[in-house]
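Keep the sequence and the 3D view open as you read.

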Amino acid sequence: MARTQRHLRAQQRVQTLIARDQPLKETLKAICRIVEVQVPGGIASIMLCDEAQQRLEQLHSVSLPQAYCGAVGSVEIGPDNGACGRAAYLRDFVICTDLANDPRWVGYHALAARHGLRACWSYPVVGSNQQLLGTFAIYYHQPGEPTRSDRRRVIEAAELVSLAVERERNRRALKENEQRYRSMFTYHPDAVFSLDLEGHFTTANAACSSVTGYALEQLIGLHFSRLVQHKDREHIESLYRDADRGEAFRYSVTIQHRENRSVSLDVTNLPIVVNERIIGFYGIAKDMTEQHRRETELRILQRSVEASINGIIITDARLPGNPIIYVNEAFERITGYRRDEVLGSNGNFLQGAETDPAALAQLKQAIAEQREINVTLCCYRKDGSPFWNSLYLAPVRDDSGSVSHFIGIQHDISERKAYEAKLSYHASHDALTGLANRSLFEDHLLHDVLLAQRHGCHLAVLFLDLDDFKPINDSLGHEVGDQVLIQAAQRLGEALNPGDTLARFGSDEFVILLPELEREEQAIHLVEQLLPSIRRPYRVGEHELYIGASVGIAFLREGLENPVELIQQADMAMYRAKQKGRNAWECFTSDINDEVSERMALRNDLQEAIEAENFELHYQPLLCARSGEVVGFEALVRWKHPVKGYLSPGLFIPLAEDTGQIGPISEWVLRQACRDMCRLAAEGYGRYRVSVNLSPLQFRRANFLTNLQQALLETGLSADYLELELTEGVLMTDTAAAVETLHQLRDMGVEVSIDDFGTGFSSLSYLKQLPIGKIKIDRSFVRDVTVNRHDGAIVQGIISMAHHLGLLVVAEGIEEAEQRDFLAAHGCDVFQGFFFARPMPLVKLQDYLKQWGGVPGRHDILPVPNGREVLAAGAPSWRDDNH
Ligand SMILES: Nc1nc2c(ncn2[C@@H]2O[C@H](COP(=O)(O)O[C@H]3[C@@H](O)[C@H](n4cnc5c(=O)[nH]c(N)nc54)O[C@@H]3COP(=O)(O)O)[C@@H](O)[C@H]2O)c(=O)[nH]1
């Protein structure tokens, strides 16, 4: 009984060791010790089986010598491998009574003998699931077999070993599981956490920390609601409340990171069920912020591509033929093709006959080299119409760097191209006539001169200036003038050969390049055809108009340095043709060059004269036709050239008008005339009105009236004693503005007369609308008034009409008594001419006035037949007798 109790106590001790999870080694040794006590003389040993149950390893024993244990090492499980190997093999008790003679111990005889081991009884240790765990064996130093009690002890010990080993293995498996779980928890890239039923964090991995920005110790115990936005709190809480069915649930939420940025999370929650009771929740929160950002970015990009005004094509570079896999709406709009019509095909269906092969080759090369490119191609829409496609093509590479797609961006630049073409056309063509302009003409000239020099051909440049065009433009307006120019251009063009160039240089100047002449006479022959063609009447609206042309011809000669000189030469020759009389042509010669040089020199001299105010004023008296009284003077400028002496204003005034020098000259004349009149008055010669010729340029100046007022103010001449002589042309240009200026002059008290009347295009009827007082019949009519019936009739008509309109008539250029008589007989009001007095300097004028001034009839003036008064009502007296 006592023995049994000892046995039970020993077993309890072992079970306590097992229950306390003592190291297996210790427990096994304790089992060995118990058995050795219970089986006197027995040496207990335990071998444990490997996982595969092939071998017995780890010999555990308290009493077996170390050397033996070491020598046995591991034993293969088999029928002839000792007591243990066989017991494990048979899963049965194996008793080897005499080891020295036991055939199952072959190979171990010497080892056993060396350690004095003579008998061995071994029993398999089998687990609860019949799995072999090892063997329990007892050695004896004498041969022998176990008693029944020994057998029982061995079996009980084997059961204890089984218990200990299984416990150990379970513990290990548990630990391993725990570690696995922990690893999964710890190293999970997503935030893994657990919450208690109230919603407090009970565990959290490192990822929780980086997702929230809170340290783990701050998180543990924190209520989850602290992290979520207020608006989401209730919804999430309701999810947790409804999770009592024990199912997993999922939600998306945006939390506020501690660094005050939003973090989007996709949270999966699983209930923690212990003993069929939910005690909390596990959660896995995946940070979706980056993915959402990318998705948003992708959505925006996708939308941008869809909404782009540029056509976008994506092709798959991995498929044969690089087929289109996507086109956007803009592509459909630009090309007229529907998406479904183009998907799967190569983009080259857009190319056509006019597509530049060089640009195409560049495109193909770039595709072959898998690089981006920008080319401009002429492409074709579905309806066959062409458009200009500025195509940007770029490869798209995958993660491995291989080109997977090409993306093409089409920009329809047809409008820009058309605009550029228009710009380039305008840069080289005259907008009105469509002819080449100077720049294009010069290009052709350079090219054709080179060819002519190379092939020994004759080449000519014709410079053609329309005669009498300006008056048409001035009197009938620019629209009529434009039509005349267009028609003239057509006529010129019709007479030319295809290789010739016709250009308009501006205004009424046309230039023709004849590059392939066999003989120079051909150019002259052409000019002789052109001149009558230009002279043919032009019909513009109700007008039938006549103009002529003057043509200068320059031929290509040896030694020409710059082809453009030919234009200058032709221009000079044209100038000479104009001087010859109109409707003429002239070939350039070196003396023309001399003439131009002379003109240039004269211009420079004139400039010096302007700067030195080196002019004089001469005055030609104007006489009352009825009384012969001096009623005023015309101021006429004189220039004494330092070398050439007095030069006619007829020579330098047109030059000054061409060069703009007329401005300062006119200013000087105006001031000097005012000063001289004041001087005459001051010196007692009386007050006389002075007529000053006004150049068109001066009249049109913005500050003309201000300057005039200033001149009167400075000199002290009353406006009543100033008269301005204007030509008809001045009034015809921008008539409204001219009439306005005339009204202002009248308001100031300045008289205006129309000079050279009869030479322009104006009719008398338009004069009645103008605030003018006088007209001066042009000298050319007066000259032949007595010998030419037409001129006489014209003069009569002018006088009669002018009087009906309340205008005084001045006749200029009277050289003979007959002319005077004729004019007097027909009612002319005022006379001027060499017959009465030549223009004279002021000193001479003073002498003249001393002799003739204020003496009526001294010039043998005939009485005016109708008794008409020379003085217009309200006008100042021609002469102030008080002086
Ligand atoms: N803008 C300005 N033009 C001016 C000015 N001074 C003169 N001129 C213009 O120059 C042209 C030539 O002028 P000029 O050589 O002085 O000749 C004038 C008279 O001398 C000349 N005239 C006068 N009487 C006779 C004559 O009986 N026979 C004849 N053959 N010639 C005569 O006529 C010229 C005046 O003409 P007009 O001006 O039309 O009254 C001439 O166009 C001048 O206008 C100036 O300061 N500014």
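## Terms and overall picture

A residue is called buried if 20 or more other C-beta atoms lie within 10 Å of its own, exposed if 12 or fewer do, and partly exposed in between, with C-beta atoms placed from the backbone. This is a predicted model, in which local features need pLDDT of at least 70, side-chain atom pairs count only at pLDDT 80 or more, and totals for chains, interfaces and linings use all residues. Residues are numbered from 1 along each chain as its sequence is written.

Buried residues make up 35% of the chain's 883 residues.

## Helix α15

Helix α15 covers residues 438–455, and at 1.5 Å a residue its 18 residues should span 26 Å, which agrees with the 25 Å between its end C-alpha atoms. The expected span here is 1.5 Å times one less than the number of residues.

Which residues of α15 are buried? They are Phe441, Leu445, Asp448 and Val449. Looking down the axis of α15, its buried residues fall within an arc of 115°, so they line one face of the helix; the arc is that of the directions from the helix axis to the C-beta atoms. Cover for these buried residues includes β17 (458–467), β18 (501–506), β19 (509–517) and α19 (565–580). On the face turned away from the buried side sit the exposed residues Ser439, Leu446, Leu450, Leu451 and Arg454. Just after α15, Gly456 takes a positive phi of about 70°.

## Two loop residues with positive phi

Most residues other than glycine have a negative phi. Asn260, although not a glycine, has a positive phi of about 65°. Asn260 lies in the loop between β9 (249–256) and β10 (262–274) and is exposed, with 7 other C-beta atoms within 10 Å.

Glu276 is not a glycine either, yet has a positive phi of about 60°. Its loop runs between β10 and β11 (277–287), and Glu276 counts as exposed, with 6 C-beta neighbours inside 10 Å.

## Around the ligand

The ligand is surrounded by 22 residues, the closest being Val637, Pro649, Asn693, Gly833 and Phe834.

How values were computed: A residue is near a molecule or strand if its C-beta atom, placed from the backbone, lies within 6 Å of it. Helices (H or I, at least four residues) and strands (E, at least two) are DSSP runs, numbered from the N terminus. Two residues are in contact if their C-beta atoms, placed from the backbone, lie within 7 Å.
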